[in-house]
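Have the sequence and the 3D view open side by side.

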Protein chains: 2
Amino acid sequence: MRIGIIGSGALGLYYGALLQRAGHDLHFLLRRDFEAISHTGLDVTSPRGDFHLAEVNCYRNSREIGPVDLVLVGLKAYANDHLVELTRPLVAAETTILTLQNGLGNEDVLAGAFGAESVVGGVAFLCCNRGKPGTVHHLDQGSIRIAEFTKGPSTRVEQLAGIFNQAGIPCEACADLTRIRWEKLVWNIPFNGLCALTNLATDRLLTCPETRQLITEMMQEVVAAANRQGLSKPIDGSDFIEHMLQLTADMGAYCPSMMIDRRQDSPLELDAIYGIPLQRATMAAMPMPRVAMLHALLEATEQKSKP
Amino acid sequence: MRIGIIGSGALGLYYGALLQRAGHDLHFLLRRDFEAISHTGLDVTSPRGDFHLAEVNCYRNSREIGPVDLVLVGLKAYANDHLVELTRPLVAAETTILTLQNGLGNEDVLAGAFGAESVVGGVAFLCCNRGKPGTVHHLDQGSIRIAEFTKGPSTRVEQLAGIFNQAGIPCEACADLTRIRWEKLVWNIPFNGLCALTNLATDRLLTCPETRQLITEMMQEVVAAANRQGLSKPIDGSDFIEHMLQLTADMGAYCPSMMIDRRQDSPLELDAIYGIPLQRATMAAMPMPRVAMLHALLEATEQKSKP
C-alpha cells in the first residue's frame with residue numbers, strides 16, 4: 001500500500017516506521033527531521049525492540065509525493081490552517097485520509113475539502129517522543145481505534161485495521177467516531193492541560209490528593225458532556241474513569257504531548273482539545289466549568305510568550 | 001502608645017514606620033532585616049513621600065520586647081504555628097492584639113491563647129513590598145478596616161482607628177469582622193492564587209478575556225459563600241465585584257504577595273486564603289468549585305519544591 005505521512009512528529013514517524021517495516025511503500029513529509037533521516041535513516045527505540053530504517057522516502061513538499069492510497073495525518077492540530085494544502089497533492093479518487101490528530105474538529109477540516117466519505121478518524125493511545133533528529137522513542141502503549149467520519153461500520157475501516165494489526169499496531173475498527181474521540185478526551189482534557197500548566201508529570205498529579213480529586217471531577221464533566229453528543233451507547237462514567245486512572249498510574253511519570261510542547265515553548269493544541277469540546281458541551285447544555293477554567297489558565301499563560 | 005510588631009514583613013514595617021513617625025513607641029520583632037535596620041535604620045519609599053527612621057527598636061526575640069499596649073501582627077499565616085509563642089511575651093491584661101494577616105483562622109489562634117476579648121481583626125488594602133534589607137516600598141493604597149473578634153461595635157476599635165488615622169493610615173472601624181474578612185477574600189482568592197500559579201501580574205489576568213471571566217466567576221463563588229456566613233448585611237455581589245475589578249485595573253501590573261512568595265520559593269498562605277474558607281463554604285452548603293480547583297493546583301505545585 002502506498003502511504004503518505006503528513007505531520008511526521010513522534011506519532012507519524014513511529015506508525016510510519018512500523019508500516020514501512022511491514023512492507024508498505026511509505027512517503028514522509030518532513031520538516032525538522034528531513035536532513036537527518038535523508039542522510040542516515042530513521043532510528044526507532046522501543047521496549048518491543050529497537051530497529052533502524054536505512055532507506056526512507058523523505059520530502060519537504062507534499063507535491064513531490066503525489067497520490068497515495070492512504071494519507072496518515074499526524075499534524076499538530078494548531079497547524080490545521082495548512083492541513084488541506086499539505087494533504088491535497090496526495091489525494092486521488094480512491095484515497096483514504098486517516099487523521100490520528102488530537103481532539104475535535106480535524107475530520108471536519110478534511111471533510112470540508114475532500115468530502116466526508118474520504119475521511120476516517122482515529123485516536124492513538126501512544127506514549128512516544130522524538131529524540132534527536134532522526135530518532136523516535138516509543139515508550140509505552142501504541143494501540144489505535146479508528147472509525148468512519150460518516151459513522152456506522154465499514155469494510156474499509158476493517159481492512160485498514162487489518163493492515164495496522166499486521167504491521168504490529170494494535171488497531172480496533174469502531175463504528176462511532178464521536179464516542180472514541182470523546183473517550184480519548186476524557187484522558188486528554190485533564191492530563192494534557194494540567195501537566196502543561198503545572199509542569200508536573202502524570203504521577204505527581206495522581207499522588208497529590210487534591211489534584212487526583214480534580215482530575216476525577218474533570219473526567220466526570222467530560223463524560224457528562226460526551227453523553228450528550230448522540231453517542232451510539234453512553235460512556236459508563238465511574239467504570240471508565242476508574243479504568244483511565246489505573247491506566248495512567250501504570251504509565252508512571254509520563255509527560256503528555258502538551259506538556260512537552262509547553263516546555264519547548266511550542267504552541268498548544270488548545271482549540272482541538274479545549275475550545276471545540278467546550279463549544280460542543282455548551283451547545284448540548286452540559287457546560288464543563290472546571291475544563292473551562294483550565295482552558296482559561298492555558299490561554300492566559302499561552303499569551304505570555306506572544307508579542 | 002507602646003506598640004509591638006510581630007511579623008515585620010512589608011506590612012508590619014510600613015505600618016510600624018508610620019506609627020513611629022507619628023510619635024508612638026514602636027518595637028519591631030525582626031528576622032531578615034534585623035542587621036540592616038539595627039545599623040542604618042529603616043527606609044520607606046512611597047508616592048506619599050519617602051522617609052527614613054534613623055533609630056528603630058529592633059529585636060530578634062519577643063521576650064526582650066515585653067508587654068505593650070498594642071500588638072500588631074503581620075506574620076505570614078503559614079507561620080501561625082509560632083504565632084502564640086511569639087506574641088505571649090508582649091501580652092499583659094490590657095493588651096490589644098490586632099492581626100492584619102491574610103485570610104481566615106488567625107483571630108481564632110490568638111483568641112484560643114489570649115481570650116477572644118483581647119483580639120481585634122482587620123484587613124489591609126496595601127500594595128507594598130520589601131526591597132533590600134532595611135527598605136520597604138509602599139506602592140499604592142494602604143487603608144485598613146478593623147473590627148472586634150467578638151463582634152459588634154466597640155469604643156476600643158474606634159480609638160484604634162483614630163490612632164491609625166492620625167498616623168496617616170486611613171482606618172475604618174467596623175462592626176462585622178466576618179464581613180470584612182470575606183470581602184477581602186473576594187479579591188485575595190482569585191488574584192493571589194491565579195497570579196502565583198501563572199506567574200502573571202493582575203493586569204495580564206484582566207486583559208485575557210478567559211481569565212477575566214474566570215475571576216468574575218470565582219468572585220461570585222466567594223460572595224455566595226460569604227453570604228452564608230451569618231453576615232450582618234449580605235454583600236451585593238454584582239456591585240462589589242464590579243468595584244473590585246475596577247480597583248484592580250487601577251492598580252496596573254500588580255504582583256500580589258502570594259505571587260512574590262512563589263517567585264521567592266517561600267511557602268504560600270494556602271490554609272488561610274483557601275483551605276479554611278473552602279471548609280467554611282462547604283459547611284454552609286455553598287461549595288466553591290473553581291476556588292477548590294485553584295487550591296488543588298496550588299497544593300500540587302507547592303509540593304514540587306518539597307522533598
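How many Å apart do the C-alpha centres of domain 1 of chain A and domain 2 of chain A lie? The answer is 24 Å. Keep in mind that you're looking at a predicted model. As for where to find those two domains, the assignment for chain A puts domain 1 at residues 2-175 and domain 2 at residues 178-305.

Now look at where the two meet. Domain 1 of chain A brings 29 residues to the contact, and domain 2 of chain A brings 24. Between them they bury about 2100 Å², and carbon and sulfur atoms account for 55% of that area.

Four salt bridges turn up across the interface of domain 1 and domain 2 of chain A. Counting residue pairs in polar contact between the two domains of chain A gives 13.

Which parts of the fold does domain 1 of chain A use on this side? The elements giving two or more residues are helix H4 (106-114), strand S8 (119-130) and strand S9 (135-148) of chain A. Of these, S8(A) gives the most, with nine residues. Sort the residues on this side of domain 1 of chain A by type and you get 14 nonpolar, nine polar and six charged.

While you're at strand S9 of chain A, stop at A:Gln141, which lies in it. Its backbone is worth a look: phi of A:Gln141 is near 55°, a positive value in a residue other than glycine. Is A:Gln141 buried, partly exposed or exposed? Buried would need a relative accessible area under 20% and exposed one over 50%, so at 25% A:Gln141 counts as partly exposed.

Then hop over to chain B, where B:Gln141 sits in strand S9 (residues 135-148). Phi of B:Gln141 is near 55°, again a positive value in a residue that isn't glycine. B:Gln141 has 25% relative accessibility, so it counts as partly exposed.

Definitions and conventions: Residues are numbered from 1 along each chain as its sequence is written. Chains are lettered from A and ligands numbered from 1 in the order in which they are written. This is a predicted model: local features need pLDDT of at least 70, side-chain atom pairs count only at pLDDT 80 or more; totals for chains, interfaces and linings use all residues. Side-chain values use heavy atoms; hydrogens and water are left out. Domain bounds come from an automatic or database domain assignment. Contact means heavy atoms within 4.5 Å. Buried area is the accessible area (1.4 Å probe) that two parts lose on being put together, summed over both. A salt bridge is a side-chain nitrogen of Lys or Arg within 4 Å of a carboxyl oxygen of Asp or Glu. A polar contact is a pair of N or O atoms within 3.5 Å; within protein, one must be able to donate a hydrogen and the other to accept it, and residues adjacent in sequence count only if both atoms are side-chain atoms. Helices (H or I, at least four residues) and strands (E, at least two) are DSSP runs, numbered from the N terminus. Ala, Val, Leu, Ile, Met, Phe, Trp, Tyr, Cys and Pro count as nonpolar, Asp, Glu, Lys and Arg as charged, and the others, Gly among them, as polar. Buried means under 20% relative accessible area, exposed over 50%, partly exposed in between (1.4 Å probe, protein chains only).
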